[in-house]
Amino acid sequence: MTRRVAVVGAGAAGALTAVQLMRRAERAGHATRIWLIDPAPHTGRGVAYGTSDPRHLLNVPAARMSAFPDDPGHFLRAIAGRYPHVAPGDFVPRREYGRYLGDLVEETARRCRYARLHRVRERVVAVRDRSGGPVLRLAGGSELRVDGAVLALGGLGPEHSWAGPALRASGRFVGDPWAPGALDGPAAEGDVLLVGTGLTMVDLAVTLARPGRVLHAVSRHGLLPREHLPVAGAPAEPPELDAAHGLDALRRGVRRHLAACRRARGDWRPAMDGLRPVTAALWRQLSPADRLRFLEEDLRTWEVHRHRVAPATAAALCALRAAGRLRVAAGEVVGAVPGEDAVTVALSDGRRLRVGAVVACTGARTDPRRTDDPLVRCLLERGWARTGPAGLGLDTGDDGRLVPAAGVPAARLWTLGAARRGNLLETTAVPEIRTQAAEVAGAVWEALASPPAGPRTRRRPRTAPEAALHR
């Protein structure tokens with residue numbers, strides 16, 4: 001029988017998963033139909049790689065951005081035609097990676113004899129489980145029955161409660177700076193307040209900076225991402241770390257590791273990179289209470305050291321700050337009064353700013369119970385999924401399969417990327433996602449090799465919209 005798999009989400013995680021599923025089908029010589037479902041006009045770009053600004057650079061050197069864990073040079077070879085002089089340690093424009101993933105999906109589909117890819121530009125809004133596999137309901141009203149589905153959902157959307165209803169309702173609030181044309185209105189003129197000081201703020205500061213205006217950036221900690229070294233060193237292997245002894249002991253062990261690396265190699269970055277392979281295991285060893293303490297007390301410091309920016313980007317930020325055109329501070333928005341020509345913002349440090357626009361750079365929600373995404377809400381309400389550890393993402397098994405609520409049988413649903421943060425902590429960078437994509441594709445393939453449990457239900461006749469999906 002032909003295997004039928006849906007991949008919901010066509011950003012980086014979805015694109016990589018679709019490619020791995022097609023490769024699996026070809027190796028096995030088994031007829032497979034794959035539906036890649038996402039309303040986005042392009043495949044592989046998502047939020048991360050959809051930017052058109054060439055100044056937005058990858059935050060990882062090109063040599064570490066291959067789509068395939070077993071072929072580290074693949075990305076470098078793919079872009080050699082457009083960047084003939086690119087070196088393994090270079091940081092290329094992020095839009096090139098989105099193009100690379102889109103081209104990879106199309107090229108893989110063209111070469112396949114056994115796998116057939118269907119690109120469906122709709123949104124999945126609900127799911128129900130039947131003995132034969134999941135049934136996905138699309139926003140247009142049609143349904144798609146498959147043997148298994150992978151949910152590559154990306155982030156859950158930003159949290160905007162801090163902005164207050166008056167500001168959110170005004171035309172001077174930019175809730176999604178990546179939406180087409182979002183920065184063409186009030187954010188294009190006058191001073192701007194960027195709320196959040198992470199990677200999103202870094203990108204927007206580069207885009208919005210121009211003579212005659214000041215960009216104000218605030219966050220609870222006021223910390224900026226650190227920069228990569230111009231020439232990265234090999235990761236420093238960490239000592240034996242055991243989080244089972246508690247967060248305080250783990251902190252001491254990590255600090256000793258960083259200090260030893262600075263003494264031996266002159267910098268802390270190789271030590272941070274050496275922690276990457278053991279981070280998920282250490283996170284799982286922590287008690288629930290210590291995980292919550294880490295999120296409250298350590299997460300932001302961890303993130304700015306772990307997720308670094310390209311040296312050229314760091315230099316651009318440094319120049320903006322030196323010229324007084326970017327001002328970064330610790331603070332929170334405690335009030336905002338929008339007017340006809342500006343917004344007056346009160347900050348927790350006592351300052352009052354008058355700006356043309358307020359731009360949200362706070363990142364995505366992490367608690368799925370607070371999202372308005374209809375698919376995620378459906379998963380939780382029907383028990384096909386439950387919240388992950390520490391309230392982060394969705395709970396999964398080691399193979400990425402969703403763990404259902406108590407008393408609910410597991411559906412043939414898998415996920416990867418940001419949704420697995422509660423189980424893995426570090427799960428949003430390409431080196432992690434490409435590994436997950438290969439593992440999830442393998443788990444799906446193995447699960448579909450065995451017949452589903454329980455009696456099969458009689459298929460109802462397809463409606464006209466549903467039949468269109470199968471052509």
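These are my notebook entries on what I looked up in this structure, a predicted model.

**Entry 1**

I began with strand β1, residues 3-8. I counted 6 of its 6 residues as buried, so β1 is largely enclosed by the rest of the structure. Then I asked which residues sit on each side of β1. R3, V5 and V7 are on one side, R4, A6 and V8 are on the other, and all are buried, so both faces are covered.

Next I looked for the partner of β1. Strand β2 (residues 32-37) runs parallel to β1, and 6 bridges join the two. For R4, the bridge partner in β2 is R33.

**Entry 1: the five-stranded sheet**

I traced an open sheet of 5 strands, and I read its order as β8-β15-β9-β10-β11, with parallel pairing. Which strands stand at the edges? They are β8 (173-174) and β11 (326-330); each has a single partner strand, so one side of each is left without a neighbour in the sheet.

Strands β9 (residues 192-195) and β10 (residues 215-219) run parallel and are joined by 4 bridges. V192 stands opposite L215 in β10.

I also noted what lies over the sheet. Helix α5 (residues 199-208) lies across β9, β10, β11 and β15 (357-360), and it runs at about 165 degrees to β9.

**Entry 2: helix α14**

I wanted to know how the length of α14 (residues 430-448) compares with expectation. At 1.5 Å a residue, its 19 residues should span 27 Å, and the end C-alpha atoms are 26 Å apart, which agrees. I found the helix mostly covered, with 15 of its 19 residues buried.

I found R276 in the loop between α7 (269-274) and α8 (279-285). Is R276 buried or exposed? Its relative accessibility is 19%, so R276 counts as buried; the cut-off is under 20%. Leaving aside neighbours within four places in sequence, I listed its contacts as R64, R306, A429, P431 and E432.

**Entry 3: salt bridges**

Some background I kept in mind: side chains of opposite charge can pair when their charged atoms come close. How many salt bridges does a search of the whole structure find? It finds 28.

- D273 and R308 meet through their side chains at 2.9 Å, N to O. The pair links distant parts of the chain, 35 residues apart: D273 is in helix α7, and R308 is in the loop between α10 (299-306) and α11 (311-322). D273 counts as buried at 18% relative accessibility, and R308 counts as buried at 3%.
- D341 and R354 meet in a salt bridge at 3.1 Å, N to O. Here D341 is in the loop between β12 (333-338) and β13 (343-347), and R354 is in strand β14 (residues 352-355), 13 residues apart. D341 counts as exposed at 53% relative accessibility, and R354 counts as exposed at 52%.
- D395 forms a salt bridge with R386, with the closest N and O atoms 2.8 Å apart. D395 counts as buried at 10% relative accessibility, while R386 counts as partly exposed at 37%.
- Salt bridges that share partners join D248, R251, D290, R293, E297 and D298 into one network.

**Entry 4: cysteines**

I searched the whole structure for disulfides and got 0.

**Entry 5: S142**

Last, I looked up where S142 sits. Its place is in the loop between β5 (133-138) and β6 (143-145). S142 is buried, with a relative accessible area of 2%. I then took the distance from S142 to T313: they are 171 residues apart in sequence and 45 Å apart in space, C-alpha to C-alpha.

Definitions and conventions
Residues are numbered from 1 along each chain as its sequence is written. This is a predicted model: local features need pLDDT of at least 70, side-chain atom pairs count only at pLDDT 80 or more; totals for chains, interfaces and linings use all residues. Side-chain values use heavy atoms; hydrogens and water are left out. A disulfide is a pair of cysteine sulfur atoms within 2.5 Å. Buried means under 20% relative accessible area, exposed over 50%, partly exposed in between (1.4 Å probe, protein chains only). The expected span of a helix is 1.5 Å times one less than its number of residues. Two strands pair if DSSP finds at least two bridges between them. Contact means heavy atoms within 4.5 Å. Axes are lines fitted to C-alpha atoms, for helices over the stretch in contact, and angles run from 0 to 180 degrees between N-to-C directions. A salt bridge is a side-chain nitrogen of Lys or Arg within 4 Å of a carboxyl oxygen of Asp or Glu.
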